[in-house]
Amino acid sequence: MEGLTEPDLGPVGSVQGETPALRLFALLEFITTRDQLFTLQSLVDQTGIPKPTLHRMLQQLEGADLLMRQSDGKHYGTGARMRRMAEDVLLNDTRHGSRHAVLKSLVDEIGESCNITALSGNEVIYLDRVETTEPLRIHLGPGSRVPVHCSASGKMILSQFGPAQRERVIAMQPLKVFTRHTQTNPALLEEELRQIRLDGYALDREEFLDGLVCIAVLVPNTTTRSNMCVAVQAPIVRMSSEDLVRLLPSLRAAAETLGRIEEQQMSDGPSLALSLAGG
């Protein structure tokens, strides 16, 4: 499969646990916290687990829908049940109150609806949202989903990926047209993603809903890549794309605050956030 490489999975013997259940969990954590697809042999080479034992463990995780085998029959990625679990953790996070307070403060400052999002498969999921008090607004509550190709947050997160990883996410299903502004040409979308990476922000110019514009920036973290954005949405009758760009200082300040909250959470224990974007 083009674009797939055998990653360096870390030191031999890093998958450990005192019981069979904990060893299964350790293997699952090992796989889901890296944005790669893995073969049985690559895992054997890096973990030192005997091939028959590792094969049995993978079968158990696949049977529980925590891992799934790719179309080539060799590579393993995150299963639907694992992604749902990661989403539930983020949606019901004990830090939700702190995140919500940051959003509320941002909405009070700029007067438009704001949300926190993450990438799950080829969709963006809304983890939290605070609506504007203006009478004209679009309701998209926590748990709402938007296709990645027509979402400012989705494009922002995708811009960090390598070409092969972006292609894998985009190719999960056809790029559906939602408005006359929706970009469905993969080559042009790839060009836009390269520019987004340089700019450090992404725009949705009425690409998902007519009359709705959005700007998103990444929530920074201590890893090489973030799977969380903070975004502002507004009707075009109140704000143009240029108006949204002028909000970047406030948006980035909120993202920095959210990043500190997430960093504290990571120091308290492992997070499942990275597995949301897994294959």
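I began with the second largest cavity of this predicted model. Its lining consists of Asn122, Pro147, Val148, His149, Val169, Ile170, Gln173, Pro174 and Leu175. I sorted these lining residues by type and got 6 nonpolar, 3 polar and no charged. The space inside this second largest cavity comes to about 50 Å³.

Next I looked up how many cavities of 30 Å³ or more the whole structure holds, and the search gave 2. The largest cavity has a volume of about 90 Å³. I found 14 residues lining the largest cavity, with Tyr126, Ser151, Ala152, Asp204 and Gln233 nearest its centre. Two or more lining residues come from each of β4 (113-120), β5 (123-130), α6 (152-158), β8 (212-218) and β9 (229-235). By type, the lining of the largest cavity has 8 nonpolar residues, 5 polar and 1 charged.

In soluble globular proteins, nonpolar side chains tend to be buried together. Here the largest nonpolar core has 30 residues, and Ile215, Val230, Val232, Leu244 and Leu251 touch the most other members. I noted that α5 (96-110), β4, β5, β8, β9 and α10 (248-268) each give this core at least two residues. The largest share, 6 residues, is from α10.

I picked Ile215 and listed its contacts, leaving out neighbours within four places in sequence. They are Ala152, Tyr201, Ala202, Leu203, Val230, Ala231, Val232, Leu244, Val245, Leu248 and Leu251.

Note on methods. Residues numbered from 1 in each chain as written. Predicted model: local features only at pLDDT ≥ 70, side-chain atom pairs only at ≥ 80, totals over all residues. Heavy atoms only, no water. 1 Å grid on protein atoms, 1.4 Å probe; cavity = no way out; pocket = protein on both sides within 12 Å on 5 of 7 lines; lining within 4 Å. Points joined across faces, edges and corners; volume = space filled by probe spheres on them. Helix = DSSP H or I, 4+ residues; strand = E, 2+ residues; numbered from the N terminus. Nonpolar A, V, L, I, M, F, W, Y, C, P; charged D, E, K, R; others polar. Core = buried A, V, L, I, M, F, W, Y, C linked by side-chain atoms within 4.5 Å. Buried < 20%, exposed > 50% of the residue type's maximum accessible area, 1.4 Å probe, protein only. Contact = heavy atoms within 4.5 Å.
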